[in-house]
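Hi there,

Here is the structure I promised to pass on. Have a look at it first, and my notes follow below.

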Amino acid sequence: MIFVSGMFRSGTTFFARLLNKTKEVSFASDPFFAVFKEFRNTLSKEKAHQLDPNAPLEDYYFEESKNVFFHSLQNKSLSELKIPDLAYLKEFTENSSRPYSELLSKRIPEIFAETYGEFLKKGSDLILKSYGSKQVAGFKEVWANEFVPHIIDLFGDQAKIIQIVRDPRAIVVSNFYSEGRYPLLFLGRQWRKLASLSYYYSKKYKNVLNIKYEDLIGSPEKTIRELCSFLEIEFHPSLLDTNDIKDGNNQKWSQNSTFQEKSSEGFNQKSINRWVEKINPTSRKAIEFLTYPEMKLWGYSSFEYSPGEHLNSDILKDEKDKLAKWILPYSEFNFQNEMNKETARLKSLTQEIEPKMQRSYFLYEEVYEACKSTL
């Protein structure tokens, strides 16, 4: 089983379609997010952790109850939790996967399972049946890095994990120039969560490969050769030809680029640094402030924000009329309070703080120490 994850607007869909071209891998795009979300919701009831079941996955920072739940989630196997309503889960999965993996979506009603682990295993078998009976099944889910331990637990040594990381400033630009923005605080905290988990899992597990979007696009042959070596599959030059990529219905796929350029097909190197000329200076400083240590950890540079610089909380505010409607209920913030939290988080890197606070600010003590070492 190959599992790919990362932040949205990080090239994960392009990556998924590319893998499906190989003669060894049948790959699906965003088919099982409903499974992960319902697993989260079921566990939250078991742990009496109050949350809105429709809410996006939490970032787990600052609030002790969220952080405790995150670590409970990390230690709970998909196979340990029974599905309370299989009919609902199948309907939810079928509907949510249809826009991205239509052929697979049509077969979701075939699944009968008692636990979330069993559901996901049977779903992976359907990937092979839907997209060519090759040797290995794989799928990608954006936002879902926190389920890497669950995939490894479920599939064991057969699991191969690929995590994609992209410059958060490029993600902000891509999101802001498309329909339905997300709040800056949401984007910043989600990016650093996923980037932190990518770092942590790559140190903890041997079967995890991290790929930077900038490397994939800037040096495609080198990166794809490394990928093939990791997956133990044959490299073929056809993987560098993106003209025959298929979508989730086995039709010709058009790349999902915010900026519809003639060169947007394939490995478009303009996409790497386009954010520099497109980003609003205030948004740039805000996202750098929110993600500075994690960006340093990943080797990103060219900052307008300087550590210790005093910033007004207004830089975190959003243009509410431009936000996506679904996220409006989750976009209400006391910006001064949030600024105070973020400032304290950055200051903690110059202090000695207890492990509990390290987890609150950086999810894991190891990530805290790694970020501290970059400064």
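Rings of Phe, Tyr and Trp (its six-membered ring) count as a pair if their centres lie within 6.5 Å; planes over 60 degrees apart make the pair edge-to-face, under 30 degrees stacked, and the rest tilted. Please keep in mind that this is a predicted model.

By that rule there are 27 aromatic pairs. In one of them, Phe 14 and Phe 267 have ring centres 5.2 Å apart and planes at 75 degrees, so this pair is edge-to-face. Phe 14 belongs to helix H1 and Phe 267 to the loop between helix H11 and helix H12, so the pair ties together parts 253 residues apart in sequence. Both of these residues are buried.

Tyr 88 and Phe 92 form a tilted pair, with 5.8 Å from centre to centre and 40 degrees between the planes. They sit 4 residues apart in helix H4, about one turn of the helix. Tyr 88 is partly exposed, at 40% relative accessibility, and Phe 92 is also partly exposed, at 24%.

Phe 36 and Phe 139, together with Ile 151, touch the most other members of the largest nonpolar core, which has 54 residues.

Best wishes

Definitions and conventions. Residues numbered from 1 in each chain as written. Predicted model: local features only at pLDDT ≥ 70, side-chain atom pairs only at ≥ 80, totals over all residues. Heavy atoms only, no water. Core = buried A, V, L, I, M, F, W, Y, C linked by side-chain atoms within 4.5 Å. Buried < 20%, exposed > 50% of the residue type's maximum accessible area, 1.4 Å probe, protein only. Helix = DSSP H or I, 4+ residues; strand = E, 2+ residues; numbered from the N terminus.
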